[in-house]
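Welcome! Then let us walk through it together.

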Amino acid sequence: MKKIETIIRPEKFQELRNKLSSIGIGGLTVTEAAGTGKQKGQKGVFRGTTFQIQLLPKIKVEMVVENDQVDEIVNLIIDSCSTGKVGDGKIFIHPIEEVIRIRTGEHGINAVL
């Protein structure tokens, strides 16, 4: 099993969610996040004073999937979330040693589904 963690633009989340649902991926953890990378933040103006906003809003989406689903999901994320501009986000893939459903005690992929 693998955990796919992706940081995306907030406006791209609904499109990604719809495409993941269309291939049967329903188990997601979604977190509002803020960050900066090559985007370097942006300038804001409040009552005539310019200031630097260091962190930009992002959405972090996490899911645990079977190994053979990883490539399809990564391609789907890129297709859904790429604008071709700095700040589109990142995808991180982590190995998952074990998953246990607390309610039933199920282990492995059955605990994910």
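Here is a short briefing, topic by topic.

Please keep in mind that this is a predicted model. The protein chain has 113 residues, and 28% of them are buried. Three helices and six strands are found in the chain.

**Overall layout**

- Among contacts in the chain with a separation of 6 or more, 68% are between residues 24 or more positions apart.

**How strand E1 pairs**

- Strand E1 runs antiparallel to E5, and seven bridges join the two.

**The largest nonpolar core**

- As a general background, nonpolar side chains tend to be buried together in soluble globular proteins.
- The largest nonpolar core in this model has 16 residues, and Leu16, Met63 and Ile73 touch the most other members.
- Two or more residues of this core come from each of strand E1 (2-8), helix H1 (13-22), strand E5 (56-65) and helix H2 (70-81).
- Helix H2 gives the most to this core, with six residues.
- Which residues does Met63 contact, leaving aside its neighbours within four places in sequence? They are Lys2, Lys3, Ile4, Leu20, Ile25, Gly27, Leu28 and Ile73.

- Ser80 sits in helix H2. Is Ser80 buried or exposed? Its relative accessible area is 1%, so Ser80 counts as buried.
- Setting aside neighbours within four places in sequence, Ser80 is in contact with Lys12, Glu15, Leu16 and Lys19.
- Lys58 belongs to strand E5. Why does Lys58 count as buried? Lys58 counts as buried because its relative accessibility is 10%, and the cut-off for buried is under 20%.
- Lys58 and Gly35 are 23 residues apart in sequence, while their C-alpha atoms are 6.9 Å apart in space.
- Glu5 lies in strand E1, and Glu5 is buried, with a relative accessible area of 14%.
- Apart from neighbours within four places in sequence, Glu5 is in contact with Lys60, Val61, Glu62, Lys90, Ile91, Phe92 and His94.
- Between the C-alpha atoms of Glu5 and Val30 there is a separation of 9.8 Å, and these two residues are 25 residues apart along the chain.

**The largest pocket**

- Empty space can be found by rolling a probe the size of a water molecule over the atoms.
- In this model, the largest pocket holds about 320 Å³ of space.
- The pocket is lined by 15 residues, and those closest to its centre are Gly37, Lys38, Gly87, Gly89 and Lys90.
- Strand E2 (29-35) and strand E6 (89-95) are the elements that give two or more residues to the lining of the largest pocket.
- Which element gives the most to this lining? Strand E2 does, with three residues.
- What kinds of residues make up the lining of the largest pocket? Four are nonpolar, six are polar and five are charged.

Terms used:
Residues are numbered from 1 along each chain as its sequence is written. This is a predicted model: local features need pLDDT of at least 70, side-chain atom pairs count only at pLDDT 80 or more; totals for chains, interfaces and linings use all residues. Side-chain values use heavy atoms; hydrogens and water are left out. On a 1 Å grid over the protein atoms alone, a cavity is a set of points where a 1.4 Å probe fits but cannot get out, and a pocket is an open set with protein on both sides within 12 Å along at least five of seven lines; lining residues have an atom within 4 Å of a point. Grid points are joined across faces, edges and corners, and a volume is the space filled by probe spheres set on the points. Helices (H or I, at least four residues) and strands (E, at least two) are DSSP runs, numbered from the N terminus. Ala, Val, Leu, Ile, Met, Phe, Trp, Tyr, Cys and Pro count as nonpolar, Asp, Glu, Lys and Arg as charged, and the others, Gly among them, as polar. A nonpolar core is a set of buried Ala, Val, Leu, Ile, Met, Phe, Trp, Tyr and Cys residues joined through side-chain atoms within 4.5 Å. Buried means under 20% relative accessible area, exposed over 50%, partly exposed in between (1.4 Å probe, protein chains only). Contact means heavy atoms within 4.5 Å. Two strands pair if DSSP finds at least two bridges between them.
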